[in-house]
Amino acid sequence: MHFGTTEEQDLLQATLRRFTSEALPPDRRRALFEAGPQLDRSLWREAADIGLAGLMIPEAYGGAGLTLLDQALAGEVLGESACPGPWLAHALVGLALSLGGSEAQRARWLPALASGECIGGVAFGESGDRWEAADWRVAVESGRVTGTKCHAHAGDETGLFLVGLAGGRVGLVEADATGLRRRPIEGHDRSRALCDLELERTPIELLDARPGLGEPLLDAARVLLAADAFGAAWQMIRASVDYANTREQFDTKIAQFQAVKHQLADMAMAAEPMRGLIWYAAWAFDHRPAERAREAVTAKAHVTDGAVRIGRAAVALHGGIGFTWDCDVHLFLKRAMFDRTWLGSPTAHRARLACLAAY
Amino acid sequence: MELEFGPEYDRFREEVLAFLAETPRDVDRRSFLKAATERGYVYRSIPRRFGGSEQPFDPIRESIVAECFDASPFSWRLGPQSTGMLVPTLLEAGSDWQRERFIPPTLLGDFVWCQGYSEPGAGSDLAALRSTARLEGDEWVIDGQKIWTSDADHAGFMFGMFRTEPGADKHAGISYLLLEMDQPGIEVRPLRQITGATHFFEVFFDGARTKADWIVGRRGEGWRVARANLKYERNLGGGPRLRQRFAAVLELARTMRIGDRPASEDSVIRQRLAEIEGHVRCAETMTLRQLSAAARGEDDRVVLPMLVNKLYGTEVGEQIAQLGFDLIGADGLRAPERSTWDAVSTSARDTDWVDQYLFELASGIAAGSSNIQRNVIGERGLGLPRDLRAARARTPA
């Protein structure tokens, strides 16, 4: 029995941390955030070169053949570094192909996804906060799709869109397909691109090798959002600890005041128990299909909700400077706010948990 | 990651369950513990010559035993003061005659101990304690007062800290003594709790006596001795306990009605249940992390979970109790019919939740108050500077 990370997983996180600290020092991170969600090609390439683009893609197609737990551990580091780019969406497109693609579909797209040459985007939502696979209405007719997907996680650079379809199915649409129009949305989290996707008799490739793929893919996305928010939350706690150990008022470091110490302790107490929740949800995706959905919605609701609360406390602990655009805390807070809202609120996810758990 | 225990442990679990199935239902606790010790199920870290079963270190076997025993109809847990505190302290710091004399009967429940630590002026600042013991011939003579002493009405013995070295520094003037409770110099008075029940007491010493060699460790080492058992204390967190209580409040929600529907179908109640279940899953997986780390000798990987266990259990327990209290509606105005000590309500009566709602308050006070827990998490977990109490380690007047 081992409920913890392996040496390989520790090494994966350490490698990524080294990469983000070198490739993404605070001033560059800030500059990229200012620039908005247009992809920084050089950062994407550097990250893809160390394998980040193909963690879950089978080795036969040039990926690392790892599990959702490994991807979630990587996602934690992406969150704690507020790493820009559609990493989460890209990972899901690869996962969708790996799980539901035909041999020909896998051979056609997976190698380019694994190398990072082709960048994936995800279009799940529909208007009116319809995130659940059962609520998707955009349908396929004779190999073509018409309708609007809302709040897709995709940008200018996206080459391949994973689209959620009526009946909980999913399919792939290429960026240069006929009838596809992308309307960018200006989001508050400038590290991740959003757009609405209009489809007008657009050719689509269905991923049907495994039926009803929409639900499990949503669950994988929920786990990765939780991991991202968890990383962001811990980063905000560390920043608050550093600030409290530096900032002086009344001739002493504010960390000396119990009110400050206790607020920080409460933040750590809220964050640390989430770690195993995310591990378990990710592990269940790969090993306990019967528990998959329930664990994923629990993690998404609990972690993203808690991470935003931690972020708001982190701003408060920074005082006036925390309220400014110049203080990096807001990068991570907005990251957590994205994770909380995308795919549906904690309230919506708790309602789903209540159904899955048959309260 | 691997969550199966493996065939060796599956066999062990079957063996434990078979033992329980073979045990007669009317067995008394003493015989049950004796048999369980002979089979190597309990007291695994205690040497045979002191009445233990002396088994190889294996936290997974320990947890399997605890889980199976807790689910059985047999009462097997003794007071935490006896097996959780006194026994480990003697193993760590006692002399051989003390271990031989006190540990075996304590393990079977023949000797019941109460803890003499807290005093009216020494709570969170425990080392400020003032009760004294002075050596007169071959006896210590004890004066002063202890408070919040659980089981003092029926415990035969007390272990406690007393000031024996007048003029010494705050922490250096304390000794760890054992004493008999049934003697003329001791008066035990009950304290009525907020729930209305009486489970702890005040203990007054007026020339009480104990033998000179009933000291654990040397004179002035009491503070260190009292802390020695901390390394035996492996609190893996409250996962199983919180799951059990969540199941009880969920059952209550299914039983109570809002309008003409079960409360569990009400969207607000469902939100509250789901929010609590998120916390319960966190607690359960945190327990799993600690069990795994303990079994693999990787305690350094779970430092923060060990530090937040208690406070987290308090906060989540509070949410469960609050929901239970709300669910019983106007019955929340009634006095409870009885008062439980273990506070795990099975919702036999709605008003048990009133009792539980009040009892839950103890969790944030006893055994290190929540604000002290926050200091510890901040200082040891996050590396924040120590507060003023370090600078005030002087002898009380």
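In what order do the 4 strands of the open sheet with mixed pairing sit in chain A? Read on through the legends below. Everything here comes from a predicted model.

**Figure 1. A mixed sheet in chain A.** The order is β1-β4-β5-β8, and these 4 strands of chain A make an open sheet with mixed pairing. Look to the edges for β1 (120-123) and β8 (205-206) of chain A: each has a single partner strand, so one side of each has no neighbour in the sheet. Inside the sheet, β1(A) runs parallel to strand β4 (residues 160-165) of chain A, and 4 bridges join the two. To spot one of these pairings, find Val122(A), whose bridge partner in β4(A) is Leu162(A). Now bring in a helix: α5 (residues 87-100) of chain A lies across β1, β4 and β5 (169-174) of chain A, and runs at about 85° to β1(A).

Figure 2. If you search the whole structure, over all chains, you'll find 67 salt bridges.

**Figure 3. An antiparallel sheet in chain A.** This open sheet also has 4 strands, in the order β2-β3-β7-β6 of chain A, and its pairing is antiparallel. At the edges you'll see β2 (139-141) and β6 (180-185) of chain A, each pairing on one side only. Ignoring direction, neighbouring strands in this sheet are turned by 10° against each other on average. Zoom in on β2(A) and strand β3 (residues 144-152) of chain A, which pair in the antiparallel sense over 3 bridges. Val140(A) is a handy place to start: its bridge partner in β3(A) is Val145(A).

**Figure 4. A hairpin in chain B.** Over in chain B, strand β2 (residues 132-136) and strand β3 (residues 139-150) run antiparallel and are joined by 5 bridges. Thr132(B) has Asp143(B) as its bridge partner in β3(B). What sits between the strands of this hairpin? There are 2 residues between β2(B) and β3(B), and in this hairpin Gly137(B) takes a positive phi near 65°.

**Figure 5. Where chain B meets chain A.** How many residues does each chain bring to the contact? Chain B brings 47 and chain A brings 46. Together they bury about 4,300 Å², with carbon and sulfur atoms giving 61% of that area. Met1(B), Leu3(B) and Arg289(B) supply 18% of the area that chain B buries against chain A, more than any other three residues.

Figure 6. One to look for joins the side chains of Glu275(B) and Arg309(A), at 3.5 Å from N to O. There are also 23 residue pairs in polar contact across the interface. On the side of chain B that touches chain A, α7 (239-255), α8 (267-295), α9 (303-327) and α11 (370-381) of chain B each supply at least two residues. The largest share, 16 residues, comes from α8(B). Sort the residues on this side of chain B by type and you get 21 nonpolar, 10 polar and 16 charged.

Note on methods
Residues are numbered from 1 along each chain as its sequence is written. Chains are lettered from A and ligands numbered from 1 in the order in which they are written. This is a predicted model: local features need pLDDT of at least 70, side-chain atom pairs count only at pLDDT 80 or more; totals for chains, interfaces and linings use all residues. Side-chain values use heavy atoms; hydrogens and water are left out. Contact means heavy atoms within 4.5 Å. Buried area is the accessible area (1.4 Å probe) that two parts lose on being put together, summed over both. A salt bridge is a side-chain nitrogen of Lys or Arg within 4 Å of a carboxyl oxygen of Asp or Glu. A polar contact is a pair of N or O atoms within 3.5 Å; within protein, one must be able to donate a hydrogen and the other to accept it, and residues adjacent in sequence count only if both atoms are side-chain atoms. Ala, Val, Leu, Ile, Met, Phe, Trp, Tyr, Cys and Pro count as nonpolar, Asp, Glu, Lys and Arg as charged, and the others, Gly among them, as polar. Two strands pair if DSSP finds at least two bridges between them. Axes are lines fitted to C-alpha atoms, for helices over the stretch in contact, and angles run from 0 to 180 degrees between N-to-C directions.
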